Amino acid sequence: MKFARLILANLFRKKVRLILTIGSFAVALFLFTFLAVVKSAFSRGEEIAGADRLVVINRTGLIQVLPLSYDDKIAAIPGVKAVTHNHWFGGVYQDERNFFPQFAIDIENHRKVMTEFKVPDDQWNNFVKDQQGAVVGALLAKRFGWKTGDRIPLKNALYGATKTWEFNIDGIYHNEKPGGDESQFWLQWKYFDENVPPVMKSTAGWYVVKLNSADDAVNVAKAIDEKFANSSNETKTETESAFAAGFAKQLGNIEFLILTIGGVVFFTLLLVTGNTMAISVRERTGELAVLKAIGFSDRAVLFFVLAESLLIALIGGALGLGFAILAIPVVGAALNGLLPPLLLSVSLLALGLVFALLVGAASGLLPGLGAMRLRVVDALRRV
Amino acid sequence: MIRVDGQGSSNSLIQVRGLNKTYRRGGENIQVLQGLNLDVDKGDFVAFMGPSGSGKTTLLNLLGGLDVPTSGTISVDGDEITHMSSSKLTQWRARHVGFVFQMYNLIPVLTAYQNVELPLLLTKLSSADRRKHVETALSVVGLADRMHHYPRQLSGGQEQRVTIARAIVSDPTFLLCDEPTGDLDRKSATEIMLLIEQLVEKHGKTVLMVTHDPVVAARAHITLHLEKGVLVEGSAERLAAMAGGAA
C-alpha cells in the first residue's frame, strides 16, 4: 500500500491520455458485453433444449406443414413416450413491431412433452375449457401489461383473408429453466383448425417428440424419417438442440460474427493500451532509472508498470460493464421482442472483467519488461 | 586519508584496487579506467576532475554499484561489491549510497516530501517514522517549508536541495554527486556547495563528487584528476591550468 501513492501519481500524470485510454477500455467492454449477451440470447434455445426431445418438420422446410395423421404413427414408434404438435399462428397485436411467437398447441399432449412450462392447474383447466382461450408467457404478459381475463385481439393474414381473432387470457406460464423462454402466446389448435382454410385443416407445423431416453434419440429420429420416406410429406427429424441451432443459423452465423467483432475490438484495445503504456514508460525512462539507482528492484519497476496498466483496465472495464448493466435492459426493451430476452449474467460480467484484466496485463507486460531490463547507466546518460 | 597509490589502510571506508573498465564502441575497445586505485576514509570529501570522456562518471557509477568493472575490486565498509548479483547490488545501493544528479531527476508528479520519502519506502519504517526522517532531511537542506511543493514549483537550486535531501534521508554510507552544480547559476551553485560542505563538516558525511568546475572542486578536501585511466592528486597549478583551458 505504501507504493499506492507513487502508482496513482504516475497514473494521473497525463489526465487526458488516461481518460481516453480508460474510455477505450469502457467502450470495448460495453461492446463485448452487449455482443456476448446477444450471442447468448440466440444460443439460449440450444442450451436449454431438452436432451430427450426431437423435433419433426417437413423435409422441404419449416414453412411446409405435415399431416395430423402422423401424430399416432409417430407415437407408435418404439422409444417414443409422447408426441405433441404445434402450428405457427403469426398474428399481429396492434402493430407489426409488437412481434412475439404465437403457437397453436395440442392441449392434450403439450404438457406431457413441454414439461418445463408451468401453468397453474386451475388456469390450465380454464384454458382447456375455453376454445378462444390463450396462455401467455410471464415475460410477454409483463411486456404488454396483460393479466388473466383480458381479451386480446390478434390480426392475422396468413390463413385466408385478413381477420381479427379474439382470445381470452386464461393463464400465464413460467419456465422452470433459468433463462428459458417466457415470451410465447399459446392458443388451442382446435380453435385454429376450425378457422383456417380447408387446405390447412388437419395439419401440424411440426411435431415435438418426447423420448423414453435421450440415448434413443438417433434411432428414433431415423425410424421416424424412414417411416415417412417416399411419402408426399417426408420428414426431417433432429434433436431439439440441433433444431434450435439451425433456427438461429437462419439469421446468419451470429456466433462467428460476434466472435470476430469481439476479437477485433480486443486486439485493437490491446494495441491502443500497449502503445499508451509504451509511450508512458518511454517518457519516464530517466525517472525509472533513478528509482532503480536509489534501490528499487527490477521487479518493483515491473510491478509499477503492470499495476498502472491493470488499474486502467480495471477502471475502464468496470465503467464499461456498469454501463452495460444500465444499458442492456433499456436496449432490450427498445428492441420490443425482436430478439430473445437479453440477459446479463454475473458470470458474463466476471468474464468481461477477466478479459479486461488480461488485456491490461498483456499491454503492460512488454513496456514493463523493457523498464525492468533498463540499465541505469544507459538510461541516465539519455536524460 | 585519501590515497590513490593503492597503499591505503585496510580500514578505509572505500577501497578500490586495480580497477579496469573497458567499453566496446564501434568495434573498438576503449579502456576508460586502467588499474585505478583509491582509498577514501569516512568523512572525506573528494572531487574528481578531468576532461570529458576521461571516465569520471564511469568511476562514480562503479563506486555506486550502478555499473560493473571489467576487473579489479571495490570494497565499501568491508563489503566487496564487484561480485555482488544485480539484486544484491540493488539492495546494497539502497542501504549505502545516496545519489545526487546534475539534472536533479526528481519525480515530477510527486511533491518534495514524496520524492524524499522514496528511498524510505524500501525500508520497514512506519509511516510516522518515515515522516520524521523526511522532515529532518528537508530541514537540513532548508526546505521544510516547501515540502508540499511539486518540483515544477521550485527553483533549480531548490530542486537540487530536494535531491540532496532524498540522498541523505536514509543515512547512507556515502554520497555520490555527479556535477551537482552543473545546471545551476553561480549563486545557487554556491548555496549547494555550502550545503554539501555542511553535510561533510557538520554531519560527518563522506562525499565523492564529479565536477568540471575548479571553484566547486576547490571546496573538497582533495581534488583527484583522472588522467589516462588513473587518478592523480590535483595541484593548484594544474587547477589553474585547467581553469585557463576552460576559459
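User: Where is the place of A:Asn230 in chain A?
Analyst: This is a predicted model: local features need pLDDT of at least 70, side-chain atom pairs count only at pLDDT 80 or more, and totals for chains, interfaces and linings use all residues. Residues are numbered from 1 along each chain as its sequence is written, while chains are lettered from A and ligands numbered from 1 in the order in which they are written. Helices (H or I, at least four residues) and strands (E, at least two) are DSSP runs, numbered from the N terminus. A:Asn230 is in the loop between helix H8 (217-227) and S12 of chain A.

User: Is A:Asn230 buried or exposed?
Analyst: Its phi is near 65 degrees, a positive value in a residue other than glycine. A residue is buried with 20 or more other C-beta atoms within 10 Å of its own, exposed with 12 or fewer, and partly exposed in between, C-beta atoms being placed from the backbone. A:Asn230 has 6 C-beta neighbours inside 10 Å, so it counts as exposed.

User: What is phi of B:Asp171?
Analyst: B:Asp171 is in the loop between helix H5 (156-168) and strand S7 (174-178) of chain B. With 14 other C-beta atoms within 10 Å, B:Asp171 is partly exposed. This residue is not glycine, yet its phi is positive, near 50 degrees.

User: How far apart are the centres of domain 1 and domain 2 of chain A?
Analyst: Domain bounds come from an automatic or database domain assignment. Domain 1 covers 4-45 + 252-382, and domain 2 covers 65-232. The C-alpha atoms of the chain fill a box of roughly 95 × 45 × 35 Å along the principal axes. Taken over C-alpha atoms, the two domain centres are separated by 47 Å.

User: Which residue of S12(A) stands opposite A:Val56?
Analyst: Two strands pair if DSSP finds at least two bridges between them. Strand S1 (residues 53-58) of chain A has six of its six residues buried, and it pairs antiparallel with strand S11 (residues 206-211) over four bridges, where A:Val56 faces A:Tyr207. S1(A) also pairs antiparallel with strand S12 (residues 235-239), over five bridges. There, the residue opposite A:Val56 is A:Thr237.

User: What is the bridge partner of B:Phe45 in S8(B)?
Analyst: Strand S3 (residues 45-49) and strand S8 (residues 206-210) of chain B run parallel, joined by four bridges. Within S8(B), B:Phe45 is partnered by B:Val207.

User: Which helix gives the largest share of the side of chain B that touches chain A?
Analyst: Contact means C-beta atoms, placed from the backbone, within 7 Å. By that test 19 residues of chain B touch 18 residues of chain A. Five residues on the chain B side, the largest share, come from helix H2 (residues 86-96) of chain B.

Conventions: Two residues are in contact if their C-beta atoms, placed from the backbone, lie within 7 Å.
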